[in-house]
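Student: I would like a close look at a single part of this model, described carefully and with the criteria spelled out.

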Amino acid sequence: MSETQPLEPALVDLAARFGDYLEAHMPDVTTADVEAMERIHGGASRETFRVKVHLRKDPTKPGEHRGLILRRDPVGSLIDTDRDVEFNAYRAFFDTTVPVPEALFLEMDTKWLDRPFFVMSEIPTGEAQSPFAPDPYGELAPKLGEQFWRHLGTISGADPHANGLAEKMEAPALDACWQKELAYWEGVIDSDQLEPHPIARAAIRKLRRSPPPPAQKLSVIHGDYRIGNFMSDEKGDFTAVLDWEMCHLGDPLEDLAWALDPIWAATDPNVPASLIARDEGIALWEKSSGLKADPAALAWWELFSNVKGLGIWISSSHEYATGDNKDPILAFSGLFCTAKHNEIVAAKLLKSFEEAH
Amino acid sequence: MRPEANDLLNGGFGTMLMEIAPNLNATYSTGSASVVGLLMYCAGIEYERGADVRVKENEAFRAIFRDATPNLTGDLQNRIASAGHGTDDVLTISALNVTNDGLRELLIELHAHVEEVEDSWARGIEHAILKALNDSGQMRKIELPAL
C-alpha cells in the first residue's frame with residue numbers, strides 16, 4: 001500500500017473517525033493522521049483494514065509512522081464470536097514464543113466507528129497463503145512445518161490460568177469439553193441450515209454414541225489453527241499466528257484435529273496444511289506440548305472437526321443467503337467447503353461401518 | 001442455447017481471474033473478484049449437473065425407503081412407504097430441491113431409527129444409507145481448477 005495513494009472514497013470518513021479515536025486514546029499523541037487505509041481479507045468474520053498512521057506528539061515536528069490493523073465487527077459474519085475473545089487471546093500470547101501481533105485497543109462503544117472494533121499492531125513482514133493452493137510453500141515446507149506444529153504444541157501446552165485466559169473464558173470440566181463443543185456446533189447447524197444435512201446428522205449421532213475420553217488437560221484452543229491463518233516470510237520463518245476469534249478453553253486434541261483436517265491439505269490429505277507429513281506433525285506437536293495424541297481420541301476429534309467445519313460452512317451459506325453480508329467468500333465457503341466436508345465425512349462413516357460389520 | 005450457461009460461466013471465471021482481478025488496485029477487491037470468479041466456475045458445474053445429481057439422489061433415497069418399508073411400523077412406515085413411490089415430474093432445480101429436502105428429512109429420520117434397531121435388516125438399511133450418502137458426497141464434490 002503506497003502512503004501517497006489517495007484513500008478510497010468509501011474509506012475517507014472511516015479513516016478520519018479512526019484518527020479521531022487514536023487521538024482520544026493515545027495520551028502522548030496530539031495528532032493522528034491516517035495516511036493510508038485499505039480493506040484486506042483477514043477472515044470473513046470481521047472487516048479488516050490495514051492502516052498507516054502518522055502519530056505526532058508535537059504537531060510542528062515529525063512524528064512516528066506506524067502500521068496498524070483495524071478489525072471491526074461486520075453487519076453479518078462467518079463466525080459469530082465476541083471480539084474480546086480474539087483481543088484477549090492476542091494479549092495472552094504476546095511476548096511468548098508464539099508470534100502474535102500486539103493487541104492495542106478494544107472498543108465496544110459504537111459512537112466511534114458505528115460497530116465494535118479492536119486495533120492491533122501490523123506485522124510488517126510475511127503473508128498468509130491460501131489453503132487451496134497446490135504447493136504454497138515449495139522448499140520452505142519442511143522448515144515451516146516444524147514451526148507450524150511446534151507453535152500449536154506450545155499453545156496446547158500453555159497454562160490458561162497462567163496466561164490469564166482461564167479468568168476470561170468458560171472453563172469446562174475435562175470430561176465435558178467434547179459435549180460443550182459438539183452441542184455448540186450442532187446448535188449452529190440447527191439454527192442456520194438452509195436444507196437438511198443427513199451426513200452431518202449421522203456424524204453427530206456417531207460422535208454422541210462413542211464419546212472420547214476426558215481431556216488430558218484444559219488447554220487454550222486457538223479454534224482455527226490452519227494454513228491461511230498464519231503469516232510467514234520468504235525465509236520460511238513464522239511471523240504471526242492470526243485469527244484467534246474462535247479461541248476458547250477445551251481439549252487440546254480439538255486444535256490438533258482441526259489442523260489435521262484434510263480440507264486444509266490441497267493435494268495430499270496426509271500432508272496437512274501442505275507442509276509436512278501428518279505423523280511427523282503429530283510427533284512434533286506431542287514433543288512441544290508434552291501431551292499425547294491418543295489415536296482413538298484423536299479420531300473422535302477429527303470427525304468432530306469435520307462437523308465443526310460443516311457448521312461453519314452451513315452458517316456462512318445462511319449468512320450469505322439471508323443476511324446483509326454478501327462477501328463472496330461466504331458463498332464460496334458454503335458451496336465448496338460444505339461439499340468437501342460432506343465428501344470427507346460420508347466416506348469416513350461408510351468406511352467405519354464396513355470395518356465394524 | 002449455444003454457448004450454454006456453463007460455457008459462459010467458465011469464460012467469465014477465466015476473465016475474472018486472469019484479466020480483471022490482477023488489474024484492480026485494492027487488495028480486497030482483487031481477492032473478492034478472484035472468489036467471484038471461482039463462484040462462477042462452481043455455478044457452471046452446478047448448471048451442468050444440478051438436475052442430474054438431484055434426480056439420482058432422490059431415486060437412491062426412494063429405493064432405500066422401498067426396501068425399508070416392510071420392516072417398519074406405524075406412522076414412520078406410512079410416510080416412508082409414501083415417499084418411496086414418489087417421482088420427479090418437474091425437473092427444475094427449485095422443484096427438485098423441494099423434493100430432495102423432503103426426502104433428506106425422511107432419510108435422517110429413517111437412519112436414526114435403524115441405528116437403534118438390533119437386527120440384520122436394519123444393518124442392511126444402514127449400510128445402504130451410508131452408501132447413498134457417500135455417493136451423494138462424490139456426486140456433489142467440486143474439483144477446483146489448478147490455478
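Student: How many residues of chain A are in contact with chain B, and how many of chain B with chain A?

Tutor: This is a predicted model, in which local features need pLDDT of at least 70 and side-chain atom pairs count only at pLDDT 80 or more, while totals for chains, interfaces and linings use all residues. Residues are numbered from 1 along each chain as its sequence is written, and chains are lettered from A and ligands numbered from 1 in the order in which they are written.

On chain A, 30 residues are in contact with 33 residues of chain B, contact meaning that the C-beta atoms of two residues, placed from the backbone, lie within 7 Å. The side of chain A that touches chain B draws at least two residues from each of β1 (31–40), α7 (198–209) and α11 (328–356) of chain A, where helices (H or I, at least four residues) and strands (E, at least two) are DSSP runs numbered from the N terminus. The largest share of that side, 15 residues, is supplied by α11(A). By class, the side of chain A that touches chain B holds 19 nonpolar, three polar and eight charged residues, with Ala, Val, Leu, Ile, Met, Phe, Trp, Tyr, Cys and Pro counted as nonpolar, Asp, Glu, Lys and Arg as charged, and the others, Gly among them, as polar.

As for confidence, the predictor gives the complex an ipTM of 0.97 and a pTM of 0.94. For chain B the mean pLDDT (the predictor's confidence in each residue, from 0 to 100) is 96, and 99% of the residues of chain B reach 70 or more.
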